[in-house]
Amino acid sequence: MTSTIQTTLFIATIGIVGIFIFMSFFYLIILALDKYLPYQEEKPTEEFMEEISESEE
Amino acid sequence: MNTLLSLTDNLRTFWGYTGFANAEIGHIVMILIGLIFIYLAITKEYEPLLLIPIGFGILIGNIPFNEAANLQVGIYEEGSVLNILYQGVVKGWYPPLIFLGIGAMTDFSALIANPKLILIGAAAQFGIFGAYIIALQMGFAPNEAGAIGIIGGADGPTAIFTTSKLAPHLLGAVAISAYSYMALVPVIQPPFMRMLTTKKERVIKMKTPRVVSQTEKVLFPIMGLLLTAFLVPSGLPLLGMLFFGNLLKESGVTRRLAETARGPLIDIVTILLGLTVGASTQATTFLRIESLKVFAIGALSFVIATCAGILFVKLFNLILPKEKKINPLIGNSGVSAVPDSARISQIIGLEYEPSNYLLMHAMGPNVAGVIGSAVAAGILLGFLY
């Protein structure tokens, strides 16, 4: 195997592994976002105001 | 008699300046290619926003003129208008600005809702590295092979940015190849999608994605930027701008900036980029065997990327529980031709199951492909620049 082929395969392997590592980090970040900041249904403003006035009473 | 001689001389000089006197066969071939681009854009609507500026640029760049006359009209003549506009390509200013606009128009919800789809965007980047290996084996230098390989990312701005750094002399061939194949995604991908999937796989229905909170949407580009900065800093010019544009969109408080980025700014830059890339394909620099090789490897890279995305999904499905299986028809969307490749998934999916809407699912790997190809570009630049 010539050194050119070796270098080529090295860069290609590092490249594809690097992309998978990068994307895996992204995957973990998104999982963390979902876990710690889950979607909560937003309440209409009127309902929200009613809740506030009730709590004040 | 003297007046007649002088008039003849003047007419001869004038004739010497005209395109008719300077035209060569190469100019005619390139003008025909430019006209084909314009024809395809108008009649077939293949990427008209890109093919019309590029096609017209090819016409401008190949008008035969007397180069010795120093008319300052050619794109390679220092100080000419085209040459000044071309600096945005040569120095790599235009692609990050386009990424800013893309970020401001991209909704990452599909990806955030189903994050495992991000790995399809990674798998499709096999196209880049496959083409890189093939280009090296065909005798290209490593930096040239890197520039040619990036065609497989199916992302015009990324291809131009990388080539402007690694092999500026291949810019015309790489850019034209990348944009041509992006326009031909509806023709290239479907046969391989059908060939690599079974009827049973094509009708897999995926679960409706969960709702994504606004907080997640705002934090995503910030996290993305930090991750890029720390892991692949050479990808920052592209990914930094992509995430910046996305934050402008999702923050909700910079609507005017987001609208400018995804509207007038990206339109202006697209016009300048398309026109100058087209004009850079002058017959003398473009019509070479080298360019034909670039086109051939470019086509292969698209095929490899499409097949890698689909095969990765099939492989991934082996470990996924039945209710979470992914329809392999969205594997092709890992190439970043947004949104064309996602639309292809939808169209082919509907052919086999009329109630199976794959577009929202396919947008996940599609936007992941944009990120993936920019990361690949960063890695190649890191090694080869």
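The model is predicted. Chain B holds 21 helices and 0 strands, and chain A holds 2 helices and 0 strands. Chain B is divided into domain 1 (1-66) and domain 2 (88-384). Chain B also touches chain A, with 31 residues from chain B and 23 residues from chain A in the contact.

**Overall form of chain B**

- There are 21 helices in chain B, and the number of strands is 0.
- Chain B has a radius of gyration of 23 Å, close to the 21 Å that the globule rule gives for 385 residues, so it is as compact as a globular protein of that length.
- The C-alpha trace of chain B spans about 95 × 45 × 40 Å along its principal axes.
- Buried residues account for 53% of the 385 residues of chain B.
- Among contacts in chain B with a separation of 6 or more, 74% join residues 24 or more positions apart.

**Chain A**

- Chain A has 57 residues, of which 21% are buried.
- Its secondary structure consists of 2 helices, with 0 strands.

**Domains of chain B**

- Domain 1 of chain B covers 1-66, and domain 2 of chain B covers 88-384.
- Between the C-alpha centres of the two domains of chain B the distance is 34 Å.
- Their contact draws 20 residues from domain 1 of chain B and 20 residues from domain 2 of chain B.
- On the side of domain 1 of chain B that touches domain 2 of chain B, α3 (25-44) and α4 (48-61) of chain B each supply at least two residues.
- α4(B) gives the largest share of that side of domain 1 of chain B, 11 residues.
- By class, this side of domain 1 of chain B comprises 11 nonpolar, 7 polar and 2 charged residues.

**Contact between chain B and chain A**

- Chain B contributes 31 residues to the contact, and chain A contributes 23 residues.
- Four helices of chain B, α8 (118-123), α9 (126-137), α15 (214-231) and α21 (359-384), each supply at least two residues of the side that touches chain A.
- With 7 residues, α21(B) provides the largest share of the side of chain B that touches chain A.
- The side of chain B that touches chain A has 23 nonpolar residues, together with 5 polar and 3 charged residues.

Methods. Residues are numbered from 1 along each chain as its sequence is written. Chains are lettered from A and ligands numbered from 1 in the order in which they are written. This is a predicted model: local features need pLDDT of at least 70, side-chain atom pairs count only at pLDDT 80 or more; totals for chains, interfaces and linings use all residues. Domain bounds come from an automatic or database domain assignment. Two residues are in contact if their C-beta atoms, placed from the backbone, lie within 7 Å. Ala, Val, Leu, Ile, Met, Phe, Trp, Tyr, Cys and Pro count as nonpolar, Asp, Glu, Lys and Arg as charged, and the others, Gly among them, as polar. A residue is buried if 20 or more other C-beta atoms lie within 10 Å of its own, exposed if 12 or fewer, and partly exposed in between; C-beta atoms are placed from the backbone. The radius of gyration is taken over C-alpha atoms; the globule rule is 2.2 Å times the number of residues to the power 0.38.
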